[in-house]
Amino acid sequence: QVQLVESGGGLVQPGESLRLSCAASGILFSSYAMGWYRQAPGKQRELVAEIFRSGMTNYADSVKGRFTISRDNAKNTVYLQMNSLKPEDTAVYYCNVRFTSHWGKGTLVTVSS
């Protein structure tokens with residue numbers, strides 16, 4: 001059974017940083033692309049960042065230069081380093097095994113002064 005467990009969310013002020021983690025189990029982690037999505041209140045879920053098996057990454061335009069996705073295949077974990085956070089980054093952040101229906105339950109990030 002595939003499990004994805006996100007952690008690291010919280011309340012921060014604008015300009016601060018957070019690092020999200022997603023621990024995966026039940027899959028051969030190194031064989032899959034992984035992604036971080038987010039869903040803000042009243043909005044559709046959107047892809048924030050993805051990382052492929054090769055290590056190649058893609059980012060939404062809204063987070064380019066501020067967010068960094070990385071993976072540690074030895075720990076079956078994918079990370080999202082979020083810097084220079086803005087109020088519009090407030091959302092529930094979800095981990096996803098790309099191109100599958102496997103999702104975590106999400107972690108809430110709130111950026112507010």
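Strands here are DSSP runs of E with at least two residues, numbered from the N terminus. This is a predicted model, where local features need pLDDT of at least 70, side-chain atom pairs count only at pLDDT 80 or more, and totals for chains, interfaces and linings use all residues. Residues are numbered from 1 along each chain as its sequence is written, and side-chain values use heavy atoms, with hydrogens and water left out.

Is Asn96 buried or exposed? Asn96 is buried, because its relative accessible area is 2%. Buried means under 20% relative accessible area, exposed means over 50%, and partly exposed is in between, with a 1.4 Å probe and protein chains only. The Asn96 side chain reaches the backbone oxygen of Thr100 at 3.4 Å. Asn96 also has contacts beyond four places in sequence, among them Leu4, Met34, Tyr37 and Trp103. Contact means heavy atoms within 4.5 Å.

Now the sheets. Strands of a sheet pair through backbone hydrogen bonds, either parallel or antiparallel. Here, two strands pair if DSSP finds at least two bridges between them.

Look at E4, residues 34–39, and E5, residues 46–51: they run antiparallel, joined by 5 bridges. Within that pair, Gly35 stands opposite Glu50 in E5.

The other open sheet has 4 strands, in the order E1-E3-E8-E7, with antiparallel pairing. Strand E1 (3–7) and E7 each have a single partner strand, so one side of each is left without a neighbour in the sheet. E7 and E8 pair over 6 bridges, in the antiparallel sense. In this pair, Asp72 stands opposite Thr77 in E8.

Next, the core. In soluble globular proteins, nonpolar side chains tend to be buried together. A nonpolar core is a set of buried Ala, Val, Leu, Ile, Met, Phe, Trp, Tyr and Cys residues joined through side-chain atoms within 4.5 Å. How many residues does the largest nonpolar core have? It has 28 residues, and those with the most contacts inside it include Met34, Trp36 and Phe67. Strands E3, E4, E5, E7, E8, E9 and E10 each supply at least two residues of this core. Take Met34: beyond four places in sequence, its contacts include Phe29, Ala49, Ile69, Val78 and Cys95.

Last, charges. Side chains of opposite charge can pair when their charged atoms come close. A salt bridge is a side-chain nitrogen of Lys or Arg within 4 Å of a carboxyl oxygen of Asp or Glu. The count by this rule is 5 salt bridges.

One of them joins Glu50 and Arg98, with the closest N and O atoms 2.7 Å apart. Glu50 is in strand E5 and Arg98 in the loop between E9 and E10, so the pair ties together parts 48 residues apart in sequence. Both residues, Glu50 and Arg98, are buried.

Another joins Asp61 and Lys64, at 3.1 Å from N to O. Asp61 and Lys64 are both exposed.

Then there is Asp89 with Arg66, at 2.7 Å from N to O. Asp89 sits in the loop between E8 and E9, Arg66 in the loop between E6 and E7, 23 residues apart. Asp89 counts as buried because its relative accessibility is 1%. Arg66 is buried too, at 11%. Finally, a network of salt bridges links Arg38, Glu46, Arg66 and Asp89.

Definitions and conventions
A polar contact is a pair of N or O atoms within 3.5 Å; within protein, one must be able to donate a hydrogen and the other to accept it, and residues adjacent in sequence count only if both atoms are side-chain atoms.
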